[in-house]
Amino acid sequence: MGSSSLLLLLFLCFFCLSHFTSHAQHIPDDEVKTLKMISSKLKNTYWKLGQSPTSCTGFNYTIGEIKYNNVTCNCTFNASTVCHVVSIELKGLDLNGTLPKEFGDLPYLQVLDLSCNYINGSIPTSFRHLPLTILSLYGNRIYGSIPPEISDISTLEELVLESNQLEGNLPISLEKLTNLRRLVLSANNFTGTILESFHNLKNLKDFRIDGNNLSGKIPDWIGNWTQLESLYLQGTSMEGPIPSTISQLKNLSELIISDLSGPTTPFPNLEYMENLIRLAMRNCSITGEIPEYIGNIENLKLLGKIPDTFEDKGRDRTKLDNMFLTNNSLTGEVPSWIILDKENHIDLSYNNFTRPHLDSCNYPVNLISSYASSTRNMIPWCLQKDLPCSSGKLEYYSLYINCGGEEVPFERETYEKDDDKESSKFFIATSDKWAYSSTGVFLGRQDNDLVAKTTSSLNSKNEEIYQTARLAPISLKCYGLCLRKGHYKVRLYFAEIMFFSNHTFGSLGKRLFDISIQGTVVRNDFNIMEEAGGVGKGIYEDCDATVEGSTLEIHLYWSGKGTNSVPNKGVYGPLISAIAVTPKFNPNPRLSVGGIIGIVITSCVVLALILLLLRMKGYLGGKDIEDKDATNNFDPANKIGEGGVGPVYKGVLSDGSVIAVKQLSSKSNQGN
C-alpha cells in the first residue's frame with residue numbers, strides 16, 4: 001500500500017471516529033455525580049458508574065417478576081447529544097440505605113419509584129424542585145410526616161406512600177395537588193381527619209387511607225370525587241354514618257369500608273355503580289334490606305358484613321362470586337339459591353334467620369349460629385345461638401389443637417390435627433370436641449391457603465408446635481364444644497412464620513388483629529412479631545374464660561389494620577399456631593387429707609360404739625362382769641333359789657331392771 005493510500009485510510013478513520021463521538025448521547029457530568037451519590041446512599045450495587053462518559057443504556061435490566069432496575073433518559077437535548085434522567089425505578093431490590101435528598105438535584109426527573117425495598121429516612125424537602133408525576137415509596141421504612149413542600153410539586157399525579165412508618169396529620173397543603181389521580185397512604189400511623197380542603201382533589205381515581213388512626217366522619221363532600229374508582233376506608237377509627245353523597249361516585253369499582261362507630265345508617269344507594277367489583281362494608285351499623293339491584297351488578301366480587309334484613313325477592317343473585325353477610329341481624333328466610341350454592345364463597349353466619357327449618361350442618365354455605373333463638377327446637381345445634389352441646393352430655397373439660405398441622409405430642413399432651421384448607425366454612429373436628437368458623441377471602445389473592453407451614457428452623461424451645469398455623473382473611477372463631485361448666489385457662493400459641501427475619505422488604509410486614517374470649521376483647525391490635533421480639537419466635541397468650549353453657553368461643557378478628565401485601569399480596573389477618581384449654585377446677589375430684597382424716601375418725605367412733613354395744617350384749621365377754629355387778633358379786637343375800645346346774649341370784653342392772661342370774665356349777669356341763 002502506497003503512502004498516499006495509507007494517509008487516505010487514516011483520514012477516513014479519524015473522520016468516522018470524530019463523527020461518531022460528536023453524536024454520542026451522554027448524561028451530563030453533574031447528573032452522573034448525583035447518580036453516584038444516590039447510588040452510594042441507597043447502597044445500590046446494581047448501577048455501575050465508571051469514570052468514562054455515562055449513557056442510559058447500561059442501567060436497565062429485569063431481575064425477576066417484581067424486581068427490576070430501570071433508568072430512563074430523554075436524549076433529545078442539544079441535537080440529541082445530551083441525555084437527562086427522567087425516570088428511576090428501583091423496585092423490589094431490598095436496598096437498605098437511606099433516602100437521598102440528592103434526588104432533588106435531577107432537574108428533569110418525572111418518575112421516582114422505590115417500591116418494595118428497605119430504605120429508611122424521612123421524605124426530603126428537596127423533592128419540591130422536581131417535576132415529578134409519580135412518587136412511590138411503597139413498602140419501606142420512611143418515617144416522620146409528609147412535608148408540606150411536597151405540595152409544591154404541582155405536576156404530581158400519583159403519591160404512593162403505603163406501608164411505611166409515617167405519622168402525624170395529613171398536611172392541609174395537599175389540597176394544592178389538584179392533578180392527583182392516586183393518593184395511597186395505607187398502613188401508616190396517620191392521625192387526625194380527612195380535611196375539608198381535600199374536596200378540591202376532584203381528579204382522584206384512587207384514595208386509600210385504610211389501616212391508619214384517622215378519626216372523624218366520612219365527609220359529605222366526598223361525592224365531589226366523581227372520578228373515583230377505588231375507595232379504601234377500612235381499619236380506621238372513623239365514625240358513621242356513610243354519607244348519602246357516596247351515591248355520586250358512579251365510577252367506583254372498589255368500595256371497602258369497615259368498623260365505623262356511631263349511629264346506624266341505611267344501606268347506601270349504590271344503584272348506578274355498574275363497574276363495582278369489590279364491595280365490603282363490615283361492621284358499619286347498616287340497617288334495612290339489601291337492595292335488589294345489588295344482585296344484578298355483574299362484576300361484583302366481594303360483599304362485606306352489612307344490613308339488618310334480607311328477603312329474597314326471587315331475583316337471580318348468583319352473579320355474586322363472594323358474599324359475606326356475617327355478624328348482622330338478618331331475618332326471614334335463607335334464600336334457597338344460597339343454601340345449595342357450591343361455586344361461590346358465601347357466609348351468612350351469626351344472624352337471626354327463621355326459615356327454612358334445615359336439618360343438617362353440612363351445607364356449602366357457612367350458616368353457623370345463623371338462626372334466631374325462637375327456632376331453637378326446630379333446627380340442628382350448629383345453626384343455633386351459642387352452639388349448645390349436640391349430645392346433651394357435658395363430658396369434656398380440656399382441649400388441645402395443633403392449628404394448621406398434624407397430630408403432635410407437646411408438653412405431655414396430644415394436640416389434635418387441624419389441616420383443613422377450605423375457606424368461608426364451618427368445620428367440625430372428627431373428635432367432636434371442637435369446631436371453627438372461618439370468614440373471608442384474601443384481597444388481591446383469593447387462592448391463598450388458610451394454613452401456613454414453615455420448614456425453617458425456628459427460634460423457639462418447642463418449635464414443633466409453631467411450624468404450622470391456621471389463617472383467616474377476616475374472622476376466625478374456634479369453639480370448644482360440650483364443655484363442663486366452670487372456669488378455664490385458655491392458652492393461645494403464636495409465631496410469625498410468613499415474614500422474613502432479614503433486613504429486606506419481606507421483613508416489613510405488620511400483622512394486627514384482635515383477640516376475644518367469650519365475646520370479650522382481651523387484646524386489641526395484637527402484633528405477634530412485636531410481642532415475640534421477632535420472626536419465628538414462639539410465644540403464648542394466657543386468658544381466663546368461664547363456660548356457663550357448654551361452649552367456649554375464641555375469636556380472632558382482622559379490622560383492616562397493618563400491612564396486607566408484604567411480602568406478598570394476601571399476607572394479613574389472624575394467625576394462630578396452637579390452642580390449649582385446661583380446667584381451673586378438679587375434673588376428677590379425690591379425697592383430701594382432711595377428708596381422709598375425718599373419715600378415719602368417724603369410722604373409729606362408729607367401731608367403738610359397735611364394740612361397746614356388743615360388749616354390753618355379752619358377745620365380747622363383758623356379760624359376766626355385768627352379772628357380777630348386778631348381783632353384788634353373787635351375794636348370798638340375793639340368792640333366790642337353786643337348780644340342778646347351780647344357784648339362782650336376784651340382780652339389779654344399772655338402769656334399774658330386775659333380773660335373775662343363774663351361776664353355773666363347775667360340775668355342770670353347760671356354758672364355759
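User: Which cysteine does a disulfide join to C75?

Analyst: This is a predicted model, so local features need pLDDT of at least 70 and side-chain atom pairs count only at pLDDT 80 or more, while totals for chains, interfaces and linings use all residues. Residues are numbered from 1 along each chain as its sequence is written, and side-chain values use heavy atoms, with hydrogens and water left out. A disulfide is counted when two cysteine sulfur atoms lie within 2.5 Å. For C75 the S to S distance is 1.9 Å, and the cysteine joined to it is C83.

User: Is the link of C75 and C83 right-handed or left-handed?

Analyst: A disulfide is a covalent bond between the sulfur atoms of two cysteines. C75 and C83 are both buried, where buried means under 20% relative accessible area, exposed over 50%, and partly exposed in between (1.4 Å probe, protein chains only). The angle about their S-S bond is 110°, and the link is right-handed.

User: How many disulfides does the rule give?

Analyst: Besides the pair of C75 and C83, C361 and C382 have sulfur atoms 1.9 Å apart. C389 is joined to C482, with an S to S distance of 2.0 Å. The count by this rule is three.

User: Why is the disulfide of C361 and C382 left-handed?

Analyst: The bond in question joins C361 and C382. Its handedness follows from the torsion about the S-S bond, so the reason is a value of about -110°.

User: How many residues apart in sequence are the parts that C361 and C382 tie together?

Analyst: C361 and C382 form a disulfide. Both lie in the loop between β20 (345-347) and β21 (399-403); strands here are DSSP runs of E with at least two residues, helices are runs of H or I with at least four, and both are numbered from the N terminus. The pair therefore ties together parts whose separation in sequence is 21 residues.

User: What is the strand order in the open sheet of three strands?

Analyst: Two strands pair if DSSP finds at least two bridges between them. Strand β27 (residues 468-471) and β34 run antiparallel and are joined by two bridges. In one of these, L471 has L575 of β34 as its partner. The order of the open sheet is β26-β27-β34.

User: Which strands stand at the edges of this sheet?

Analyst: The sheet has antiparallel pairing. An edge strand has a single partner, so one side of it is left without a neighbour in the sheet; the two are β26 (451-453) and β34 (575-576).

User: Where is I576, and which residues does I576 touch?

Analyst: I576 is in strand β34 and counts as buried, at 2% relative accessibility. Contact means heavy atoms within 4.5 Å. Leaving out residues up to four places away in sequence, I576 touches C403, T468, A469, R470, L476, L492, Y493, F494 and L556.

User: What percentage of the residues in the protein chain is buried?

Analyst: The protein chain has six helices and 38 strands. Of its 672 residues, the buried share is 50%.
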